Amino acid sequence: MKLICTQSDLNSNLSLVSRAVPSRPTHPVLANVLLVADEKTQRVSLTGFDLSLGIRTSFAAQVDEGGSFTLPAKLLNDIISRLPDGEISLDDDAGEAIATVTSSSGKYTVRGMGPEEFPELPEIEGGELINLPPEALIAGLKGTLFATSPDETKQVLTGVHLKVQQDSLEFAATDGHRLAVVETAKVSDREYDEASLPTQESSAIFEITVPAKALREIEKMVAAGQSSEPVALHLDQGQIVFEWADQRLTTRTLEGQYPNYRQLLPRSFERLITLERRSLLAAVERIAVLADQKNNILKCSIDAENQKVTLSVDAKDVGSGTESMTAQISGESIDIAFNVKYLIDILKTAPSPEIQMQLNEATAPVIIRPLGGVNATFLVMPVQLRA
């Protein structure tokens, strides 16, 4: 193999695929990235794979002689990232898995392994194919990833549930204390036969739960790429593949029955409160400095008579604080409390100038909806106030 590329191209693509390289590989070759140079297409592809999450990307290069081998991801990344800007040549003249990296400042050799032991990324034959506008995918992920559970014992809750419907794609995530649901438009190349179309009992054509770890990488990659091309989702039971531009990410899906989150959403509300989102977020963040791990409760006093909302935190042995703001309030006055972190997460995510809080009693689920923009619904369970 002999190729010449720029330091920036190799560095950025290597950093990208290295996110799929495990820190504690079960097999030595999994600590490596697979590098393939194609003389015909004049492109170089890099692949990282931990047997669950796989990332492949490619870029243009001057390929004088094609070939493939695997190299230690961390070591190669450490070397390439520190090289100066400009051209880099990479070759293995001996035909062995020993790469020589040459730049304007010096020369390095890195011992790797042959490509034959590197596992193939899974391929999906059949299944479902969906083309999703990148902005819709990013909106769905930004609106739900924060609500996934970090608790690995609740495996199915550590991912985002994707529900494919005839003309939309629904993203949902919950950790048991809060719920986020975002519905976005989709474009599909697949024609569904009558047997696959939704019935009155079920509006979903296809449902799958994808690990949050993989989706966070997708969000970063798609946002960084700034491409207007649709992202192709190939879905099948047990596997999902995302493909766009010169990049591909594959991951296993999470097993288990995802909760019927639609049943958690109240159908009617006794109180509606409309607030300016940025002002509310700023007030909550200011008053949150008094909250800590033991006392992260934010009290929210809704004054219907004066059309005002007052936020307060009382941290024993530390201090207390209050913030007030005007609001449009429909319904009777009420005092309610929230976990301050949960409220901040939702307010940061809701992409609109105004939000509406919809609630019933002080211990019943509260719905927060952005007014305008993305079709999103956030549910948060209030905290019971001590008498």
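Predicted model: local features only at pLDDT ≥ 70, side-chain atom pairs only at ≥ 80, totals over all residues.
**The big picture**
- If you follow the C-alpha trace along its principal axes, you get a span of about 80 × 60 × 35 Å.
- There are 387 residues in the protein, and 51% of them count as buried.
- Take the contacts with a separation of 6 or more: 67% of them come from residues 24 or more positions apart.
- On the charge side, the protein carries 35 positive and 53 negative side chains. The centres of those two sets lie 7 Å apart.

**Helix α5**
- Helix α5 covers residues 277-287, and its buried residues are Arg277, Leu280, Leu281, Ala283, Val284 and Ile287.
- Look down the axis of α5 and those buried residues fall within an arc of 165°, so they line one face of the helix.
- What do the buried residues of α5 pack against? Their partners are the strands β18 (271-276), β19 (297-303), β20 (308-315), β21 (319-326) and β24 (354-359), along with helix α6 (340-349).
- At the start of α5, Glu276 gets a side-chain oxygen to within 3.3 Å of the backbone nitrogen of Arg278.

**Helix α6**
- This helix is largely enclosed by the rest of the structure, because eight of its 10 residues are buried.
- The buried set in α6 is made up of Val340, Tyr342, Leu343, Ile344, Asp345, Ile346, Leu347 and Thr349.
- Tyr342 sits in α6, and its relative accessible area of 17% makes it buried.
- Beyond its neighbours within four places in sequence, Tyr342 is in contact with Asp175, His177, Arg178 and Val380.
- Tyr342 and Phe146 are 196 residues apart along the chain, yet 9.3 Å separates their C-alpha atoms.

**Gln239 in strand β16**
- Gln239 belongs to strand β16, which runs over residues 239-244.
- Is Gln239 buried or exposed? With 13% relative accessibility, Gln239 counts as buried, since the cut-off for buried is under 20%.
- The side chain of Gln239 makes a polar contact of 2.9 Å with the side chain of Thr250, and it also reaches the backbone oxygen of Thr251 at 3.1 Å.
- Setting aside neighbours within four places in sequence, the residues in contact with Gln239 include Pro122, Ile124, Ile208 and His234, as well as Arg252 and Thr253.

**Two loop residues with positive phi**
- Most residues other than glycine have a negative phi.
- Gln42 is not a glycine, but it has a positive phi of about 55°.
- You'll find Gln42 in the loop between β2 (32-38) and β3 (43-49), where it is partly exposed, with a relative accessible area of 28%.
- Ala245 also has a positive phi, near 45°, and it lies in the loop between β16 and β17 (247-252).

Key. Residues numbered from 1 in each chain as written. Heavy atoms only, no water. Buried < 20%, exposed > 50% of the residue type's maximum accessible area, 1.4 Å probe, protein only. Contact = heavy atoms within 4.5 Å. Lys, Arg positive; Asp, Glu negative; His and termini not counted. Charge placed at Lys NZ, Arg CZ, Asp CG, Glu CD. Helix = DSSP H or I, 4+ residues; strand = E, 2+ residues; numbered from the N terminus. Arc of directions from axis to C-beta. Polar contact = N/O pair within 3.5 Å; in protein donor to acceptor, adjacent residues only side chain to side chain.
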